[in-house]
Amino acid sequence: MTETMPNWLKKRADLSPDREALIFEGHTFTFKQVFEKAQTYAGKLGVLGLQKGVAVAVLFSNQAESAFILYALQMAGIRAVILNNRLTSEELSWQLDDSQADVLLYETRFNDKVAAIHSDTKNVSIHELKELEGIHPRILEEYDMDEVTTIMYTSGTTGNPKGVMQTYGNHWWSANASALNLGLHVQDKWLCTVPIFHISGYSILMRSQIYGMPIILHSSFEEKKVSDDIRRYEITIMSVVSTMLRRIIDELGSDRLPESFRCMLLGGGPAPLPLLQSCLEKDIPVFQTYGMTETSSQFATLSPEYSIERLGSAGKALFSNQIRIVDEDSQDVPPGAEGEIIVKGPNVTVGYLNRADETADKIRERWLYTGDIGYVDGDGFLYVLDRRSDLIISGGENVYPAEIEGVLLSHPGVADAGVIGMPDEQWGQVPVAFTVKNAFGVSEEELLKLCEQKLAKYKLPKKFYFVDSLPRNAAKKLLRRKLREWLDAERDENGN
Ligand code: ATP
Ligand code: MG
């Protein structure tokens with residue numbers, strides 16, 4: 001592996017200064033302009049005494065300025081602890097303490113949140129930063145591929161979030177693996193409506209400077225604006241999670257996306273099969289991906305030509321990556337058999353911040369144990385089933401909540417669904433469903449009937465709870481552990 005590389009943004013500004021880099025709310029910035037903006041910010045960061053090696057936490061939304069500052073931090077060699085702006089002040093305080101960041105840079109729109117944070121971090125608003133008279137910026141001429149450039153916390157779906165250390169090399173390889181798979185077209189433009197504080201959005205910034213490709217950045221996801229901008233800017237690629245895709249499909253109605261649009265990169269969680277089927281009907285080129293904060297974005301991807309015959313698969317490991325499926329003794333299982341997904345590749349994190357034990361437990365001989373269960377079919381295609389911690393074992397059969405949730409969600413009267421296991425004397429565990437109705441409404445009988453049509457008997461939920469909302473974290477991921485707590489409390493109350 002190359003040990004060092006020239007500063008990416010500087011190199012890009014040298015290679016293609018006048019090419020479009022970033023389009024935000026009607027303003028277009030070329031790579032030269034983005035580099036200059038970032039360089040100016042690097043000078044201001046220097047005034048705060050921030051330099052190579054220190055850690056700076058950032059609380060940003062999707063704005064052009066946020067992108068400039070993220071680039072500035074990277075160019076200055078300052079580790080960016082990139083915080084999720086949907087977290088509560090309590091959660092933010094925890095991550096600030098955990099990361100031991102020296103300074104918190106924040107956007108003024110988060111004033112109230114920041115005021116309620118209790119942590120030793122020095123807080124500086126972007127407004128204050130902008131006002132500073134900068135000094136001559138000290139930016140890195142070279143990037144050391146093994147140095148950490150970003151720290152991102154996992155979503156905290158299965159437990160406490162963990163700070164994932166991502167190196168320059170991790171981002172470099174992630175961007176390259178993606179390009180080797182999707183190809184690089186000179187007319188490519190990537191629409192970013194996913195948060196840049198997540199690896200899904202941040203990785204688009206990395207690809208932009210490495211590929212020399214424009215990003216159209218949206219401050220939030222609005223399906224109307226998405227469909228307008230895809231036409232207006234001739235966008236070719238977009239990253240989405242399944243709820244966004246569902247809304248885009250509804251927005252399109254009987255319309256189609258233009259032919260120039262070549263890739264809907266779908267990730268972040270399980271994709272309900274009915275959603276993938278709708279995309280097929282509408283000729284939306286969906287690339288289903290599997291990845292996580294620890295793999296610095298996509299790790300495996302399925303191309304649309306396999307969408308039908310491998311429906312629901314997350315494809316194959318990208319060029320520089322490997323996947324194995326193993327049993328509890330870390331032994332490979334045969335094709336088709338289920339086990340834990342373990343992954344290896346140059347985009348896999350070097351470890352969790354300040355968590356040597358957890359790192360040693362999860363990364364063994366450079367293989368990361370993902371905690372996800374899946375299988376690889378006879379031709380090497382990966383199918384992700386669910387989290388190991390959410391697996392339901394009923395009468396010796398494995399039941400995956402995500403599969404049942406997918407069926408429930410396909411009912412037009414269901415707005416949201418969550419499934420967990422409940423202790424059962426006869427079967428060990430049985431699935432129970434939590435459902436949120438929408439305006440159309442749905443009854444227990446209808447849901448049961450639908451499940452009976454689609455699922456084997458042992459997968460049928462034994463109870464249906466109708467609730468107003470489901471517990472989700474700041475990444476909007478379902479917190480099944482909270483549902484389990486709720487069910488335990490309910491069963492205690494009823495003396496079960
Ligand atoms: P934590 O690690 O704190 O519990 P998290 O795993 O939800 O949080 P992320 O790194 O944001 O944090 O999410 C990665 C996870 O998302 C994967 O490990 C996997 O469980 C899920 N996921 C990603 N892509 C897919 C997919 N295609 N199908 C099913 N699940 C997926
Ligand atoms: Mg995880």
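Residues 24 or more positions apart make up 66% of the chain's contacts with a separation of 6 or more, a contact being two C-beta atoms, placed from the backbone, within 7 Å. This is a predicted model, in which local features need pLDDT of at least 70, side-chain atom pairs count only at pLDDT 80 or more, and totals for chains, interfaces and linings use all residues. Residues are numbered from 1 along each chain as its sequence is written, while chains are lettered from A and ligands numbered from 1 in the order in which they are written.

**Whole chain**

Colour the chain by pLDDT, the predictor's confidence in each residue on a scale from 0 to 100. The average is 95, and 99% of the residues score at least 70. For the model, ipTM is 0.99 and pTM 0.93.

Show the C-alpha trace next; along its principal axes it spans about 70 × 50 × 45 Å. The radius of gyration is 23 Å, which agrees with the value near 23 Å for a compact globule of 496 residues; it is taken over C-alpha atoms, and the globule rule is 2.2 Å times the number of residues to the power 0.38.

Switch to cartoon: the chain has 15 helices and 28 strands. These are DSSP runs, numbered from the N terminus, with at least four residues (H or I) for a helix and at least two (E) for a strand. Of the 496 residues, 46% count as buried, that is, with 20 or more other C-beta atoms within 10 Å of their own; 12 or fewer makes a residue exposed, anything in between partly exposed, and C-beta atoms are placed from the backbone.

**The nine-strand sheet**

Select the open sheet with the order S3-S2-S12-S11-S13-S14-S15-S16-S17, in which the pairing is mixed. Strands S3 (27-30) and S17 (316-317) stand at its edges with a single partner strand each, so one side of each has no neighbour in the sheet. Two strands pair if DSSP finds at least two bridges between them.

Start inside the sheet at S13 (residues 237-240). Ile237 and Ser239 point one way from S13 and Met238 and Val240 the other way, and all are buried. S11 (residues 190-192) pairs with S13 in the parallel sense over two bridges, and tryptophan 190 has isoleucine 237 as its bridge partner in S13. S13 is also parallel to S14, over four bridges; here the partner of isoleucine 237 is cysteine 263.

Move on to S14 (residues 263-266), which runs parallel to S15 and is joined to S15 by three bridges.

**Strand S15**

Which residues of S15 lie on each face? Val286, Gln288, Tyr290 and Met292 are on one side, with Phe287, Thr289 and Gly291 on the other, and both faces are covered. Seven of the seven residues of S15 are buried, so the strand is largely enclosed by the rest of the structure. Its pairing with S16 is antiparallel, over five bridges, with glutamine 288 opposite leucine 302.

**Phenylalanine 299**

In S16 (residues 297-302), select phenylalanine 299. It counts as buried because it has 31 C-beta neighbours inside 10 Å. Leaving out residues up to four places away in sequence, phenylalanine 299 touches Tyr290, Gly291, Ala317, Leu318, Asn321, Val343 and Gly345. Draw a C-alpha to C-alpha distance from phenylalanine 299 to alanine 314: it reads 9.3 Å, for a sequence separation of 15 residues.

**Ligand 1**

Now centre on ligand 1 and show the 23 residues around it, of which Thr154, Thr157, Thr158, Met292 and Thr293 come nearest. Near means that the C-beta atom, placed from the backbone, lies within 6 Å. Two or more residues of the shell come from each of strands S15 (286-292), S22 (367-376) and S23 (382-387). S15 gives the largest share, four residues.

Colour the shell by class: seven residues are nonpolar, 13 polar and three charged. Ala, Val, Leu, Ile, Met, Phe, Trp, Tyr, Cys and Pro count as nonpolar, Asp, Glu, Lys and Arg as charged, and the others, Gly among them, as polar.

**Two further stops**

Select S18 (residues 322-326): Ile323 and Ile325 form a covered face, whereas Gln322, Arg324 and Val326 form an uncovered one. S18 pairs with S19 (residues 339-344) in the antiparallel sense over five bridges, and valine 326 stands opposite glutamate 340 in S19.

Finish at helix H13 (residues 401-409), which is largely enclosed by the rest of the structure because seven of its nine residues are buried. The buried residues in H13 are Pro401, Glu403, Ile404, Glu405, Gly406, Val407 and Leu408.
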